[in-house]
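Good morning, and thank you for coming. Please look at the sequence and the structure on the screen, and I shall guide you through several parts of it.

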Amino acid sequence: MGTLTRALPLALLLIACGPKGGGNLSGEGVGETVEAPGPAESMYRTEPSAGAFVAGPADAAAAVERGVLSGSSASSDPIVGDARLATLASWVAAKLGEGGLPPPHEVTDFFARHLGIVEAVPHLLVLGNPTIEGLESGVRDSVRQFLARQRYSHWGASVAERDGLNLVVVALSRRGLTMAPLSRQQAAGPLRLQGELTGGLSRPTFVITRPDGRTERIPAGSGPSFQMNLPTEDSGEYRVELLAKGTEGDTVVANFPIWVGMDAPNQIVLAGDAGPGEAGDDDAVEAALLEAINRERAEAGAPPVARMESLDEVARLHSVDMRDNEFVGHASPTTGGAAQRTAAAGIQTGLVLENIGRGYGATEIHRGLMGSPGHRANLLNPDVTHVGLGVVNEPEGDRRAFLATEVFVRMNRAQDLSDAPSRLVAMINEGRRARGARELEADPNLMEAAANAAQAYFANPDQTRQDTVDDASAGLREFAIAFSRVGGLMTVVNDIGEASRLEPTFDPEIAYVGIGIAQGTRPDTPPNSIAVVILLAWPR
């Protein structure tokens, strides 16, 4: 028989990707129950476990070990064997489908947590060869290729004869921390997490998804050491994710569940995978991701996001960059981070969030992102208004994998501002009452002059804010006899409430006000910016 080679990275989210077979694999499908093949570890641990690093016949296991060590010899970081990864590889091997396809991502994640592994789901390399020599060289070349694309710190493998081939599964993981052992089951109360980032990582941040689906982000200092008490008041499953800053930008260092007030499960029920034909082309995956994003946001009570063509281009170019230059991360060697890429495209915004995923269809990519507390928080952030979606495909064996970038930003929406001036007057007067100052009276002439000035600001892109105020004040000369003095100020805001806190409006000597509000876009402002012109007058 010929050689089978299938290199399949298996962790979705920030630093990797998550293959699944799609449809049914090994008889498993939507609603099917998958039980853990062996006993559970009671504790999460980061130190390698003792035992054989390769499960299987001695001669084939030795060839696999030689292949891994030879393939990793050129790496700057040593790769360490961990017997738990060998067990994981053997459990995955028993679930391989036709053509060496791994089981669903959720199965591999469940197996890894059952074994007390805290880092992002290990990547899987699946290959086969009819000879021991070919097996060793195949493992060596594949490991070398994987390490050229991404850093790994630990490995374990399983090898067995199947259909005339020596079929091997190698599990590769990046363990960027040391952590004090942590029970997988906890009583309600503070959850103590103590450890240290490794490999040059810094700025640890914990993101927790609570049993009710709410997400909380908790910075843990500048690092590398961290010591936190995470709140776990309610019973249920808590998903704990540790993020850190690395050379690739934000990196998922750990992602594991803790069961509070209940036993850790020994089985899972499959939620289902992408069915036949679900993957579609790049455009179809993007459209399906948008639908899934807005469905999740609606269920969470967040407003829908709209696609933005210029932001789509930012996302798509980053996906192409990652595919063509063989890296997966938020920080590109050529374009920098998400905020830099967005700014370089001329998109002005104060909030940029980015998700990266990989899989065989929108369903798989989306579910993987929702399984990461940090990415879930980005996707459900109520402040974002627009999204850019960039999906590119790459061949993988006899099918295509999709690499997806989601860029979320906050932009002002077009809105009806007809009653905004009166609302802002009311907000300013509320602040004046709190300070013991008399309420301002909206003067019709001041209101008209301010309205004209606000509209002129967008009509003439060369006009500065000071020019706008000066022109508005000059237009009031014919009414000068009514006031002892007139002054003005202008600001550009995202929400009119921001203009209700300007200190000059609380001067107790002021008696009259005029407010003009307009919405528009200039080269030096974000789309749909809100210009507020406030004219203030002192009585005679």
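This is a predicted model: local features need pLDDT of at least 70, side-chain atom pairs count only at pLDDT 80 or more; totals for chains, interfaces and linings use all residues.

His-154 counts as buried because its relative accessibility is 9%; buried means under 20% relative accessible area, exposed means over 50%, and partly exposed lies in between, with a 1.4 Å probe and protein chains only. Residues are numbered from 1 along each chain as its sequence is written, and side-chain values use heavy atoms, with hydrogens and water left out.

His-154 belongs to strand β7, which covers residues 154-162. Helices (H or I, at least four residues) and strands (E, at least two) are DSSP runs, numbered from the N terminus. Which residues does His-154 touch, not counting residues up to four places away in sequence? They are Pro-48, Ile-79, Val-80, Asp-82, Leu-85, Ala-171, Leu-172, Ser-173 and Arg-175, where contact means heavy atoms within 4.5 Å. The side chain of His-154 also has a polar contact of 2.7 Å with the side chain of Ser-153. A polar contact is a pair of N or O atoms within 3.5 Å; within protein, one must be able to donate a hydrogen and the other to accept it, and residues adjacent in sequence count only if both atoms are side-chain atoms.

Another histidine deserves attention. His-386 lies in strand β21 and is buried, with a relative accessible area of 15%. Its side chain makes a polar contact of 2.7 Å with the side chain of Thr-385. Leaving out residues up to four places away in sequence, His-386 touches several residues, including Val-305, Met-308, Leu-311, Phe-408 and Met-411.

Now consider the chain as a whole. The protein chain has 12 helices and 26 strands, and of its 540 residues, 54% count as buried. The C-alpha trace spans about 100 × 45 × 45 Å along its principal axes. Among contacts with a separation of 6 or more, 75% are accounted for by residues 24 or more positions apart.

We turn to the helices, and to α5 to begin with. Among the buried residues of α5 are Val-285, Leu-289, Ile-293 and Arg-297. An α-helix has 3.6 residues a turn, so residues three or four places apart point the same way. The cover over the buried residues of α5 includes α6 (309-325), α8 (362-370), β21 (386-396) and β22 (399-409). After α5 comes Gly-301, whose phi is positive, near 80°.

One of the elements that cover α5 is α9 (373-380). How many of the eight residues of α9 are buried? Seven of them are, and α9 is mostly covered. The buried ones include Pro-373, His-375, Arg-376 and Leu-380.

Two helix pairs follow. The axes of α1 (residues 58-71) and α4 (residues 132-149) come within 7 Å and cross at roughly 30°. Axes are lines fitted to C-alpha atoms, for helices over the stretch in contact, and angles run from 0 to 180 degrees between N-to-C directions. These two helices are therefore roughly parallel to each other; angles under 35 degrees count as roughly parallel, over 145 as roughly antiparallel, 65 to 115 as roughly perpendicular and the rest as oblique. Residues that meet here include Ala-60, Val-64 and Val-68 in α1, and Leu-135, Val-139 and Val-143 in α4.

In the other pair, the axes of α11 (residues 444-459) and α12 (residues 465-474) come within 9 Å and cross at roughly 150°. That makes α11 roughly antiparallel to α12. Ala-449, Ala-453 and Tyr-457 in α11 meet Arg-465, Thr-468 and Ala-472 in α12.

I finish with Tyr-512, in strand β25 (residues 512-520). Is Tyr-512 buried or partly exposed? Tyr-512 counts as partly exposed, because its relative accessibility is 23%. Tyr-512 and Leu-446 are 66 residues apart along the chain, and their C-alpha atoms are separated by 8.2 Å.
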